[in-house]
Protein chains: 2
Amino acid sequence: MTESERLDATFTALADPTRRAILARLIEGEASVMELAEPFAMSQPAISKHLKMLERAGLISRGRDAQRRPCRIEGEALKAATGWLEQYRKVWEGNFRRLDALLDDLQSTAGRPERDN
Amino acid sequence: MTESERLDATFTALADPTRRAILARLIEGEASVMELAEPFAMSQPAISKHLKMLERAGLISRGRDAQRRPCRIEGEALKAATGWLEQYRKVWEGNFRRLDALLDDLQSTAGRPERDN
DNA sequence: GTTCTATATAACAATATAGTTATAGAATGT
DNA sequence: ACATTCTATAACTATATTGTTATATAGAAC
């Protein structure tokens with residue numbers, strides 16, 4: 001998976017309020033699928049699908065405890081997404097000072113169109 | 001638009017590589033639709049749709065210059081999304097220290113399931 | 001072995017996303 | 001007036017997302 005694809009998966013995963021609420025719950029610690037499903041007016045398979053998308057994005061990982069598949073939050077994907085956004089926020093809040101230096105960095109990391117200049 | 005809906009729109013907008021590339025371009029300064037479309041192997045209407053999603057998320061705004069509708073990047077939505085992610089990253093990177101204090105904050109801002117406890 | 005619990009998967013429907021081409025509208029230039 | 005340029009919208013297709021119910025699978029308990 002390329003860096004761009006990982007950002008696609010991460011931001012897609014974060015774009016749903018149910019999945020953001022699941023992450024909020026997992027900040028408190030590991031939880032099983034049933035435990036995660038309980039607060040929602042939604043079927044268990046629906047929650048399983050949400051977990052699959054979070055897992056695909058690398059935002060969670062899952063263990064094994066008898067029949068349970070406890071989920072825990074994972075830091076790496078979170079870090080990559082935050083890092084990407086932080087660059088933009090910094091430029092914006094810095095009112096475009098020291099822009100040139102930052103642009104070089106963005107060019108190499110931010111996913112640019114397929115053109116080389 | 002609720003806070004949760006705004007995060008939905010923002011993360012959805014960020015989940016596409018074309019739109020991220022457009023933001024990367026706009027960091028350099030304002031640009032018209034045609035200018036933004038030029039690097040991509042994609043029709044002008046496709047770019048207009050992408051811009052619409054970025055605008056809906058509040059990530060860009062548009063001016064008027066003769067027939068041109070120059071786009072510029074906007075900081076607020078970027079800031080909200082970064083802020084949301086930062087909370088999680090901090091907890092994660094802090095290895096769950098001072099978790100209790102942070103949880104209170106997350107509870108009130110992070111978009112939780114429709115249950116009240 | 002049978003049953004209960006936890007989770008995943010299949011099959012389906014509704015809606016959203018991402019692209020296309022064709023066309024309309026608005027401002028500019030001749 | 002007429003053509004040109006820039007942008008938006010309509011109509012369409014293909015695919016992805018989000019949910020459902022029904023069912024399969026895996027482990028635990030009896």
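1. The surface near DNA strand D is made of 9 nonpolar, 9 polar and 4 charged residues. In this count Ala, Val, Leu, Ile, Met, Phe, Trp, Tyr, Cys and Pro are nonpolar, Asp, Glu, Lys and Arg are charged, and the others, Gly among them, are polar. Please keep in mind that this is a predicted model: local features need pLDDT of at least 70 and side-chain atom pairs count only at pLDDT 80 or more, while totals for chains, interfaces and linings use all residues. Residues are numbered from 1 along each chain as its sequence is written, and chains are lettered from A and ligands numbered from 1 in the order in which they are written.

2. Helices are DSSP runs (H or I, at least four residues), numbered from the N terminus.

3. Around DNA strand C there are 22 residues, and A:Ser32, A:Met34, A:Pro45, B:Ser43 and B:Ala46 come nearest. The classes come to 9 nonpolar, 9 polar and 4 charged residues.

4. Now to the meeting of the two chains: 36 residues from chain B and 36 residues from chain A take part in the contact. Two residues are in contact if their C-beta atoms, placed from the backbone, lie within 7 Å. On the side of chain B that touches chain A, α5(B) gives the largest share, 12 residues. That side divides into 22 nonpolar, 5 polar and 9 charged residues.

5. Within chain B, helix α2 (residues 17-26) packs on helix α4 (residues 44-56) at an angle of about 75°, with the axes 10 Å apart. Axes are lines fitted to C-alpha atoms, for helices over the stretch in contact, and angles run from 0 to 180 degrees between N-to-C directions. The pair α2(B) and α4(B) is therefore roughly perpendicular (65 to 115 degrees). From α2(B), B:Thr18, B:Arg19 and B:Ile22 meet B:His50, B:Met53 and B:Leu54 of α4(B).

Conventions: Helices (H or I, at least four residues) and strands (E, at least two) are DSSP runs, numbered from the N terminus. Angles under 35 degrees count as roughly parallel, over 145 as roughly antiparallel, 65 to 115 as roughly perpendicular and the rest as oblique. A residue is near a molecule or strand if its C-beta atom, placed from the backbone, lies within 6 Å of it.
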